Amino acid sequence: MKVTYKPLPEKVQQGYGISRWGSAKEINQSLKELTDKNIYSIPEDKYKEICSTYYDEKCAGSKEITAEAKKFIPGGVQHNLAFNKPFPMCMVKAEGAYLTDIDGNQYIDFLQAGGPTILGSNYPDVQEEAIKLIKECGPVTGLFHEAELLIAKEINKHMPNVEMFRMLGSGTESVMAAIRIARCQTKNKRIIKIGGAYHGWSDQMVYGLKVPGTRQFLESHGIPNNIFSVIDEVRPNDLNMLEDYLKYNKRMRGGTAAVIVEPVGPESGTRPVDFDYNQKALELAHKYGALFIFDEVVTGFRVGLGGAQGFFNVKPDLTIFGKIVAGGYPAAGGVGGKKEYVSLLAAGVAGGAKKAYCGGTLAANPLSAMAGYVAIKKIAETNACVKAGAAGDKLTDGLVRLIEKHNLPYVAYNQGSIVHLECTGAMSYDFSSKSLLTLLKVLKKQDMIMVRKVAMEHMGAAYMANGIVTLAGSRLYTSMADTDDVIEDALNRFDTVFGMVEERTEAMDKQVAKYKMNKYNGVNDKKYKKAEKKLAKAEAAEAKANK
Ligand SMILES: Cc1ncc(COP(=O)(O)O)c(C=O)c1O
């Protein structure tokens, strides 16, 4: 599949890292088709070979330390992005476009810590200021530091719509604060999110995660169901469904407090949207009395200094920050927006209205504020967003060429420095519906999604063994450090991995049964035996059909 990119509308200003806009309809259609196709991945014997010749032999240090970590840390790692197959890798050095592991292996780093490092990892100027600040006042005092003002002003300079900014400890917390502001302001309770979108892991936002239409049925264990009684999810890129919910909420359910979106589409653009989607969604939110929240945790200072709101020329009521806002340093979060709304965070202190409470001992510490401030200034000086975006275009175009060369069904596209490489369709299901009955479909396809996910992780493992770190095998963040040579080198490595890929022709029910046997082996004997029986049944049916 080749994505048609439309030239950007004339109103888009210069200086943004997205140079073209892919047709959402086309991409979403190709992604949907991917879920109906056979899986193309590293065959099992090749995967085993990679495990022994690369991971066991060349990554012995990582293997040993993460095995030890498993005794003290749940799953052996502290971060979701580090749960790699066949075992997590222990990194000791990050510099520019590269990571080095504990065994001295070097990788091209397209994870970029999950997005905070558009200047490239451990950018020297930011590091220098951070060290200077730590020497002077340590990382935290709990009282005001000039850096807080510097970063708030710097953000306002580039995003005039963010009239006020409060720095918080993470994107998750900032989403919580924005939702609280919206509820205080509108006196409404309901929040509409877009299916598949990620807005952190607060109780109310673990709804319709990753796969649209899955509501609280995939990831929300441990969260009381009634939390979701005021949360709705609507189909990505579907304004009609959004309006239906807004209308229904207004008429029958006490109104919507906010519509929250990821500007380039749910899960960092994994489900792309039309160029004018955001403006239209904002207009709809306002028509029905809801605030419009832009979650710019990924897009802020990545799409451009003006964020996605500058790129799309949209003026959200509230903006969520994270990742780059602390320059690649910890405690990256913040909420900003129109003064009349953001002021509610200080109501009671700075005014008479009811306060939307938020806090955080380490929020807006001088280190994070200074690192963020310096990083934003450096991004401006170096034109980092445009350079990272150009690297993303180059990488994507190269991947599309390789997909054609190897005759694979994969889908590659990008929004500037956010590059998507969907291989197995694991991330591409969509069960969005107003009816609860579709949940039956979710239950039916759940294991198949997991089979595709494991195949995707095997691709991730093969990339890593060939010197490329990706985000879960399906997303790649480029940074300013990705020169033409880095991209060229990466593409040669992708060429090698794609060359190993084979189509899996085995019937899906057999694959599902094997996946379950693997999952329950030594964990749940009853379920293991059930899966074993299913496999035997599928094999018998196959043998009969082949007679
Ligand atoms: C769009 C979006 N919103 C919110 C978050 C949560 O941010 P944090 O991980 O800082 O809590 C993320 C994290 O990846 C994100 O991508």
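Which loop does N237 lie in? N237 lies in the loop between β9 and α7 (239–252), and we'll come back to that loop in one of the views below.

A quick note before the pictures. This is a predicted model, so local features need pLDDT of at least 70 and side-chain atom pairs count only at pLDDT 80 or more, while totals for chains, interfaces and linings use all residues. Residues are numbered from 1 along each chain as its sequence is written.

**View 1. The whole protein chain.**
The protein chain holds 17 helices and 18 strands. Here helices (H or I, at least four residues) and strands (E, at least two) are DSSP runs, numbered from the N terminus. The C-alpha trace spans about 80 × 55 × 50 Å along its principal axes. With 547 residues, a compact globule would have a radius of gyration near 24 Å, and the 23 Å of the protein chain agrees with that. (That radius is taken over C-alpha atoms, and the globule rule is 2.2 Å times the number of residues to the power 0.38.) Of the 547 residues, 50% count as buried. Buried means that 20 or more other C-beta atoms lie within 10 Å of a residue's own; exposed means 12 or fewer, and partly exposed is in between, with C-beta atoms placed from the backbone. Among contacts with a separation of 6 or more, 73% come from residues 24 or more positions apart. Two residues are in contact if their C-beta atoms, placed from the backbone, lie within 7 Å.

**View 2. A sheet of seven strands.**
Follow the order β7-β13-β12-β11-β10-β8-β9 and you've walked across an open sheet with mixed pairing. The edge strands, each pairing on one side only, are β7 (164–167) and β9 (231–234). On average, neighbouring strands of this sheet are turned by 20 degrees against each other, direction ignored. Two strands pair if DSSP finds at least two bridges between them. Strands of a sheet pair through backbone hydrogen bonds, either parallel or antiparallel.

**View 3. Strand β8 and its two neighbours.**
Strand β8 (residues 190–194) runs parallel to β9, joined by four bridges. Look for I192, whose bridge partner in β9 is D232, and for K193, whose partner in β9 is E233. Four bridges also join β8 to β10, again running parallel, and there I192 has V259 as its bridge partner. How many of the five residues of β8 are buried? Five of the five are. In a regular strand the side chains alternate between the two faces of the sheet. In β8, R190, I192 and I194 sit on one side, I191 and K193 on the other, and all are buried.

**View 4. Strand β11, wrapped up by the rest.**
Five of the five residues of β11 are buried, so β11 is largely enclosed by the rest of the structure. One side carries L291, I293 and D295, the other F292 and F294, and both faces are covered. β10 and β11 pair in the parallel sense over four bridges, with V261 opposite F294. On to β12: three bridges join it to β11 in parallel, and I293 has L318 as its bridge partner there.

**View 5. The surroundings of the ligand.**
The ligand is surrounded by 16 residues, and the closest are S170, G171, T172, G200 and V297. (A residue is near a molecule or strand if its C-beta atom, placed from the backbone, lies within 6 Å of it.) Helix α6 gives the largest share of this shell, three residues. The shell divides into five nonpolar, nine polar and two charged residues. For this count, Ala, Val, Leu, Ile, Met, Phe, Trp, Tyr, Cys and Pro are nonpolar, Asp, Glu, Lys and Arg are charged, and the others, Gly among them, are polar.

K323, in the loop between β12 and β13, has a positive phi of about 45 degrees and isn't a glycine either. K323 counts as buried too, with 27 C-beta neighbours inside 10 Å. Now find P86, in the loop between α3 (60–69) and β4 (91–95): the peptide bond from K85 to P86 is cis, with omega near -5 degrees.

How values were computed. Axes are lines fitted to C-alpha atoms, for helices over the stretch in contact, and angles run from 0 to 180 degrees between N-to-C directions.
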